Each structure stands twice: as C-alpha cells, then as structure tokens.
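Thanks for coming. I have one structure to go through today, and I will keep to a few local features. Please have a look at it first.

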Amino acid sequence: MPWGFLISMLVLAVVAGMAWPTLQARLQKAEDERRAEKQRCEQLEREHAARTEQKAIEAAKPKVEKLEFSVAGVTFKDGRLSRQTQLKRFYFRDPPFHEQNAELTLREEEYEGNPAFSIFLNDRKIGYVPKEHAQYLHDNYDRILGLSDFQVKCAKDRDDDEVYIYYAKAAITLSLDGSKHDENNPIEIAHPF
C-alpha cells in the first residue's frame, strides 16, 4: 500500500475523531430543541383544551341574577307563633332542624294593595322580602328560580344586653336566560343546611 494513502486515511481518521464530539453535540442540541418544542406545543394544546372546556362549562351554566337581602319583619309574631322562636330553633339546630333538614318557601301575597313576598321556614312564616324588592319580584316572578344562601345569625339587642335578636339573610335567584319555574307552584327549595 502506498504510504500516501495510509497517511491520508490516518489524517482523515484523526479529523473525523476530532469532529465527532462536535457533531454529536450538535445532534444532541437539535434533539433537545425538538423535545422542548414538542413539550411547548403539548403545553399550549393542554392550555387551549382547558380554556375551551372552561368556556363550555361557563356556557352550560344557567345565566342567573342573585338578589341578596336581609329578611324583613323577623321580630313580629303571627298569632301566638314568634318568628324569633323559629329562627332561634334554626340557629341552634333545635327540633325540627336537628336533622339538618329545612324547607324554605317563597310565597307571593298582597299587602295594602301592593305585592309582597313572604318567606316560610318549614311552613312557618319568618318574615318578608324587603318591600323595595317586592315590585321587581312581582314583575319578574316567572324568572324566579328559587331561594338560596339562607343563613340565620344573632346579635345582642341594642336596648337590652341580655336579649338576642335573630335575623336572617337569603338570596333569590332569577334567570337571565329564559329559564322559568312552574307558575302554579310556590317557589321552594329543600335546603340541606
């Protein structure tokens, strides 16, 4: 074999040996970039899918308006029945509320020729929706979906430190998307308190 050919093969092997790590590094860098790009694309696809799913969930939710209020007339009596007693029983979970069951009902009435809405707790009146909301509810009665967010709290009477007054808060949910309740039935919600 000619020496020239052997020397050129030797030089070629040395050059190839020196270039191989650089070539390997370039190939590894290209592979890393492809993996990173693939991960970025997958992350973007997951984020897009999550946004699309959230939009679908939001679109499926009924569009509602909540009218929150403090129940009016909670210190009055209906004959011998004290509304305060009913609220106190509910607050302390005394019978009939010890089993965590209560039914909250909204009933439309008339008071001095104006619409009024009574709130009943287990068929006993506990008060009214404040009169400033009565006409609005009357005009939008077919949009009322139900009662929610019912809670009873107590505070000391400002005139007598030894007396506690029980008061209630609630919300009425009205549809904004055309959903309607059955107009022939009172609006009720069986509340799992």
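This is a predicted model: local features need pLDDT of at least 70, side-chain atom pairs count only at pLDDT 80 or more; totals for chains, interfaces and linings use all residues.

**Cysteines, pocket and backbone**

Cys 154 comes out as partly exposed, with a relative accessibility of 26%. As for disulfides, the structure holds zero.

Now the pocket. What is the volume of the largest pocket? The computed figure is about 430 Å³. Its lining is made up of 18 residues. Those that lie nearest the centre of the pocket are Tyr 111, Ala 116, Tyr 128, Val 129 and Lys 131. If you want to find the region by secondary structure, look at strand 4, residues 102-111, strand 5, residues 114-121, and helix 3, residues 131-139. These are the elements that each give two or more residues to the lining.

Which element gives the largest share of that lining? The answer is strand 5, with four residues. Sorted by class, the lining of the largest pocket has ten nonpolar residues, five charged ones and three polar ones.

Next, the backbone, beginning with a proline pair. The peptide bond that runs from Pro 95 to Pro 96 is cis, and its omega is near 10°. Pro 96 sits in the loop that connects helix 2, residues 83-92, with strand 4.

Glu 112 is not a glycine, yet its phi is positive, at about 50°. You will find Glu 112 in the loop between strand 4 and strand 5. Is Glu 112 buried or exposed? Glu 112 counts as exposed, because its relative accessible area is 66% and the cut-off is over 50%.

Asn 122 is the other one I want to show. Its phi is near 50°, again a positive value in a residue other than glycine. Asn 122 belongs to the loop between strand 5 and strand 6, the latter being residues 124-128. With a relative accessible area of 26%, Asn 122 is partly exposed.

To put the loops in one place: Pro 96 is between helix 2 and strand 4, Glu 112 is between strand 4 and strand 5, and Asn 122 is between strand 5 and strand 6. Strand 4 and strand 5 are also among the elements lining the largest pocket. That is what I have for today.

Key. Residues are numbered from 1 along each chain as its sequence is written. Side-chain values use heavy atoms; hydrogens and water are left out. On a 1 Å grid over the protein atoms alone, a cavity is a set of points where a 1.4 Å probe fits but cannot get out, and a pocket is an open set with protein on both sides within 12 Å along at least five of seven lines; lining residues have an atom within 4 Å of a point. Grid points are joined across faces, edges and corners, and a volume is the space filled by probe spheres set on the points. Ala, Val, Leu, Ile, Met, Phe, Trp, Tyr, Cys and Pro count as nonpolar, Asp, Glu, Lys and Arg as charged, and the others, Gly among them, as polar. Buried means under 20% relative accessible area, exposed over 50%, partly exposed in between (1.4 Å probe, protein chains only). A disulfide is a pair of cysteine sulfur atoms within 2.5 Å.
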